[in-house]
Amino acid sequence: MMVLSETAASINQKLAEMNYRQQLMDTFAKMQQLPADERPQSLKFPDKVKQTTVELEACLIRRLTLTDTTKGELLMLHGGAFILPASTAFNQVALTFMKMGYAVTIPDYPLAPAGLVNVRQWILKVYQDWMKQSQAERHYLWGDSAGANIVLRLLLDIRDDSLKLPDASALVSLCPDTTFNVSKTAAQQDLVLDPKRMRCMQNDVGYQQFDFMQQTDFSHIGRLRLDSGGNECVVDSVKTIAQKCELADGNAVDCIIHPCLVHDYPMWQAMPEAKATLKEIDKFFQM
């Protein structure tokens, strides 16, 4: 087992001491009650980042570049329980990929509860336009947390519509079981997500399209890499889905469970483990 870095261990301790899980759940519940356009947004990038913004059905799509885009186009779907817009931490991850040589596209997808039912159809339109307008040879998908659920659902829809798949996809902290039926031990280990409160918040028909535990056909969705923190309450579900994808035809799957790390840990870029994972995902994309 890999030794946890001092930084990661310190973050874990602080999250436990400050009852971060309770604070995050309170934030989700509060934001869920606000109209989507009143929820706090973090749209700032350094001035040297070139941005192009278009609108699709009242939602924004941003394409950002920093260096020569030698590695291809990367479509990134952010987390936030389908409730929050992209965060400062997510933007920093996007900036990291820009520095690596990717052109990054970030769709500000419709948020729950009102817009959730439209996400699946909307993101498929975004993907089709993104592929059609791109001159790049290689295309990649990234999703973290809720964004990872959207990416997996998108891959299934791409396959079912006989569209061209991306060259590779990275799913970070996928939550494949939106009912959050987990053991008491798993619930206690997770320092970020409270399964009981997540189950209450996502007790809506709109979320069911992003629940994968009842899906039976994961064939022909391409090259996948799944990364999850070892103390996430849904680790067993992630392993189950990864195995189903691996056994299905037309896929190549890497699933890495990182011991003792928290949900969506690449957002905590002070951790050496976060930086290492982003570099590993870059290598996976370029294989």
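So, the lining of the largest pocket: helix α2 gives the most to it, with five residues. Helices here are DSSP runs of H or I with at least four residues, strands are runs of E with at least two, and both are numbered from the N terminus. This is a predicted model, where local features need pLDDT of at least 70 and side-chain atom pairs count only at pLDDT 80 or more, while totals for chains, interfaces and linings use all residues. Residues are numbered from 1 along each chain as its sequence is written, and side-chain values use heavy atoms, with hydrogens and water left out.

Back to that pocket. Its volume is about 590 Å³. On a 1 Å grid over the protein atoms alone, a pocket is an open set of points where a 1.4 Å probe fits, with protein on both sides within 12 Å along at least five of seven lines, and lining residues have an atom within 4 Å of a point. Points are joined across faces, edges and corners, and the volume is the space filled by probe spheres set on them. Of the 34 lining residues, Leu24, Phe28, Gly80, Leu84 and Asp264 are the closest to the centre. The elements giving two or more residues to the lining are α2 (20-32), α3 (88-100) and α5.

Now have a look at aspartate 190, in the loop between α6 (184-189) and α7 (195-201). Aspartate 190 is buried yet has no salt bridge. Buried means under 20% relative accessible area, exposed over 50%, and partly exposed in between, with a 1.4 Å probe and protein chains only. A salt bridge is a side-chain nitrogen of Lys or Arg within 4 Å of a carboxyl oxygen of Asp or Glu. The nearest side chain of opposite charge is arginine 21, 5.8 Å away; Lys and Arg count as positive, Asp and Glu as negative, and His and the chain ends are left out.

So what lies 2.9 Å from a polar atom of the aspartate 190 side chain? The backbone nitrogen of leucine 193 does, and the backbone nitrogen of cysteine 233 also lies at 2.9 Å. Leaving aside residues up to four places away in sequence, aspartate 190 touches Arg21, Asn231, Glu232, Cys233 and His263, where contact means heavy atoms within 4.5 Å.

Elsewhere, the salt bridge count comes to 11. Aspartate 108 pairs with arginine 62, their closest N and O atoms being 3.1 Å apart. Aspartate 108 sits in the loop between β4 (102-107) and α4 (119-133) and arginine 62 in strand β2 (residues 59-65), so the pair ties together parts 46 residues apart in sequence. Both aspartate 108 and arginine 62 are buried.

Arginine 225 and aspartate 227 meet in a salt bridge at 2.7 Å, N to O. Arginine 225 is buried at 6% relative accessibility, and aspartate 227 at 0%. There's a network too, linking Arg120, Arg153 and Asp157.

Most residues other than glycine have a negative phi, and most peptide bonds are trans. The bond from alanine 112 to proline 113 is cis, with omega near 0 degrees, and proline 113 is in the loop between β4 and α4. Glutamate 57 has a positive phi of about 50 degrees and is partly exposed, at 48%. Alanine 81 has a phi near 60 degrees, and counts as buried at 6% relative accessibility.

Notes:
Polar contact = N/O pair within 3.5 Å; in protein donor to acceptor, adjacent residues only side chain to side chain.
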